[in-house]
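Dear colleague,

I am passing on the structure we spoke about, with the notes that I made while going through it. Please look at the structure itself before you read on.

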Amino acid sequence: MSEQLAQSFTLSVREDKVALLTMDIPGESMNVLKASFADEIEQILKQIAGDSTIKGVVFISGKKDSFIAGADISMLDSCTTAEQAENIAKMGQQMFDRIEQLRLPVVAAIHGPCLGGGLELAMACHARIATKSPKTVLGLPEVQLGLLPGSGGTQRLPKLVGVQKALDMILTGKQLRADQAKKLGLVDEVVPESILLEAAVKKALAGKPKTAPKKLSLINKFLEQTAPGRKIVFSQATKQTLAKTHGNYPAALKILNVIQTGVEQGYVKGLAAEAKAFGELCMSKESAALRSIFFATTQMKKESGAGDAKPRKVRKAAVLGGGLMGGGIANVTATKAGLPVRIKDISEQGISNALKYSFDILNKKFKKRFISKAEMQQQLLKITGTTDYSGFHDVDLVVEAVFEDLELKQRMVADIEQHCAEHTIFASNTSSLPIHKIAEKAQRPENVIGLHYFSPVDKMPLVEVIAHDKTSPETIATTVAFARKQGKTPIVVKDGAGFYVNRILALYMNEAANILLGGEPVEKIDKALVKFGFPVGPVTLLDEVGIDVGAKISPILTAELGERFAAPAAFDKLLADGRKGKKTEKGFYLYGKAAKKGKKQVDDSVYSVLGVTAAPALNADEIASRCTAQMLNEAVRCLEEGIIASARDGDIGAIFGIGFPPFLGGPFRYIDSLGVNNLVATLRQLEARFGPRFTPCPLLLKMAEQGERFYS
């Protein structure tokens, strides 16, 4: 028999009397759970319970490569009170309790992403079978949206994998591959995709599995199964969480509290605490900001970056320059985009450095068993090198990653036009030179574009796609699609010195330098901005990026954009003293043998080089406010000048490009929460003390006057 009970779920009973419950939401590429499904599932479960001939149930997805990717986040945006969100959580809890309470064995057959609500559903089943496929990942990523798992996940996961492993998974939102999940006890079997259904049916026919007690070491028995042990676990986890989040992410502490409630007071109280916390977090400004990032990036994936223009297919790419950036760009092109990539460098050494970059990353993955030896070799074979232009005749897109030298880059454009096809795109990874200048002598300026990556390329999610006034829409669309294939989030920005991200970053770094020259200690400045929510402080960042790099970019920005970009003159003294930062093991902090293990230490000799006596006078909030005020003002100026197309793009660019605190939602959402007039008042006070570098831009003044916001 087969019966269509609802659009999204189909129930069919096989000859061996195993019921197949298939989820397949029409018109969607992935299955997501919606509150409206509760009635449909309730009806199906009643029908299964009422049929005494059924021997077991297999829950499976009708989608090709996805189990259930989570719950539909947009339903949370329609909630206006914590109580409404709490009720959504309770509905999910009740639905999954009904599955768990069925007298028949229910087996989840998992292939593809099984995340959030999808994993909560799978955990309510009596057994889980997953495929070996690299597409299969399991996790509870709710914390990344400022939430916690709200349909029983905080209560079921600790029972399956133990408290410590559950805390690690839920607090980080990490995703596990099937074999890792089996090792933890989260899945029962891992099978090839071709036999997933048969393995699940066999499991269902074997009856409800008996839960064997988890084998624990003596120390883990103490930590998991005794009150004093659990007290240690939760107190350590709280300490580590606060050290990482600085109290900026309320979801983390609520997760700890809810899991502890369930472990110590039982399942029913744990569920009640989970639903209540879910409702409260749903209404928090942090979760609203984090969800806005999720919606923005989802929306951006559907955009070409150039209206109706269609991208041209890129079958082969090339990289000019085998340095750190070139090696990183070649790596993501081969491993993420899966494209053959040719590296051209003036020396064999450059090519071998670039190949080593990819080898080191892939070897690490191989050692951790993320990939097989064959997969590693397959990916490495996609990268080849040359010291001339052999093998460039059939390249569709070339990324140039050579020194910041205009003449050199113009010569590269001419070389590519000579050695490549007429349609070949020339994308420059310049961080500060305007693209129209690089394209100035090009025969085909419509093929020239900027593609600005951030370091390290394999980790940083953002790229800026920079079109000059002659870049064709097809070139923009092709470059955006290429960047997405590399696993990047591209934002299209208008041509101009520093583009968007480096422009707002430069003023932030300059202000940190001014504060340092005013006598504030290095570590105090860094701590203030980390507490504000940045991943690292500005002085640490300067050491990481290279003090010489900052010195090169500053004059370009000052010449194009004015005096507010001038770096403090005292910084020339650092370079004269051979201080370039981490790469030369000499900067603001100690490196190599001089540094003690563990905590980073400031190189105190830097103060005498700068001619400064450390004399702390400002508190952390004043330091953070002064550094970010410049950044916020410049972000609005970039919007005003059309450098970025929207506040949304500006927020995503700052979060993914420089680690602007995600829980604040980006510079523009943060200005909305501060109030435009409050920001103007802060800038006016700073302007009175420090001069015109703090003058509010015209758009801010206009918005303050008219009481406007960036988001409705």
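Lys 524, with a relative accessibility of 25%, counts as partly exposed, and its salt-bridge partner is Glu 520, the closest N and O atoms of the pair being 3.0 Å apart. Glu 520, by contrast, is buried, since its relative accessible area is 3% and the cut-off for that class is under 20%. Please keep in mind throughout that this is a predicted model, and that the distances and angles below are computed from it.

**Salt bridges**

Over the whole structure, a search finds 41 salt bridges, of which I describe a few. Apart from the pair above, there is a network in which salt bridges with shared partners join Arg 503, Arg 564, Glu 634, Arg 637 and Glu 641.

Another salt bridge brings together the side chains of Arg 14 and Glu 198, with an N to O distance of 3.5 Å. Arg 14 sits in the loop between strand S2 (9-13) and strand S3 (18-23), while Glu 198 belongs to helix H8 (residues 196-205), so that the pair links distant parts of the chain, 184 residues apart. Arg 14 has a relative accessibility of 23% and therefore counts as partly exposed; Glu 198, at 45%, is also classed as partly exposed.

Once neighbours within four places in sequence are left aside, the residues in contact with Glu 640 are Cys 697, Pro 698 and Leu 699; a polar atom of the Glu 640 side chain lies 3.0 Å from the backbone nitrogen of Leu 699. To give a sense of scale, the C-alpha atoms of Glu 640 and Ser 151 are separated by 44 Å, the two residues being 489 residues apart along the chain.

**The H3 and H12 pair**

Two packed helices are described by the angle between their axes and the distance between the axes. For helix H3 (residues 82-100) and helix H12 (residues 267-282), the axes come within 7 Å and cross at roughly 145°, and the crossing of H3 past H12 is right-handed. On the H3 side the contact includes Ala 82, Ala 85, Glu 86, Ala 89 and Lys 90, while among the H12 residues that take part are Tyr 267, Leu 271, Glu 274, Ala 275 and Phe 278. Sorted by class, the contact has eight nonpolar, two polar and seven charged residues.

**Backbone points to check**

Which peptide bond is cis? The bond that joins Ser 455 and Pro 456 is cis, with omega at about -5°, and Pro 456 is found in the loop between strand S16 (448-453) and strand S17 (462-467).

Lys 17 has a phi near 70°; Lys 17 is in the loop between S2 and S3, and counts as partly exposed at 33% relative accessibility. Phe 499 has a positive phi of about 55° and is placed in the loop between strand S18 (489-494) and H20, where Phe 499 counts as buried, at 0% relative accessibility.

Terms used:
Residues are numbered from 1 along each chain as its sequence is written. This is a predicted model: local features need pLDDT of at least 70, side-chain atom pairs count only at pLDDT 80 or more; totals for chains, interfaces and linings use all residues. Side-chain values use heavy atoms; hydrogens and water are left out. Axes are lines fitted to C-alpha atoms, for helices over the stretch in contact, and angles run from 0 to 180 degrees between N-to-C directions. Helices (H or I, at least four residues) and strands (E, at least two) are DSSP runs, numbered from the N terminus. A crossing is left-handed if the near helix is turned anticlockwise from the far one by less than a right angle, and right-handed if clockwise. Contact means heavy atoms within 4.5 Å. Ala, Val, Leu, Ile, Met, Phe, Trp, Tyr, Cys and Pro count as nonpolar, Asp, Glu, Lys and Arg as charged, and the others, Gly among them, as polar. A salt bridge is a side-chain nitrogen of Lys or Arg within 4 Å of a carboxyl oxygen of Asp or Glu. Buried means under 20% relative accessible area, exposed over 50%, partly exposed in between (1.4 Å probe, protein chains only). A polar contact is a pair of N or O atoms within 3.5 Å; within protein, one must be able to donate a hydrogen and the other to accept it, and residues adjacent in sequence count only if both atoms are side-chain atoms.
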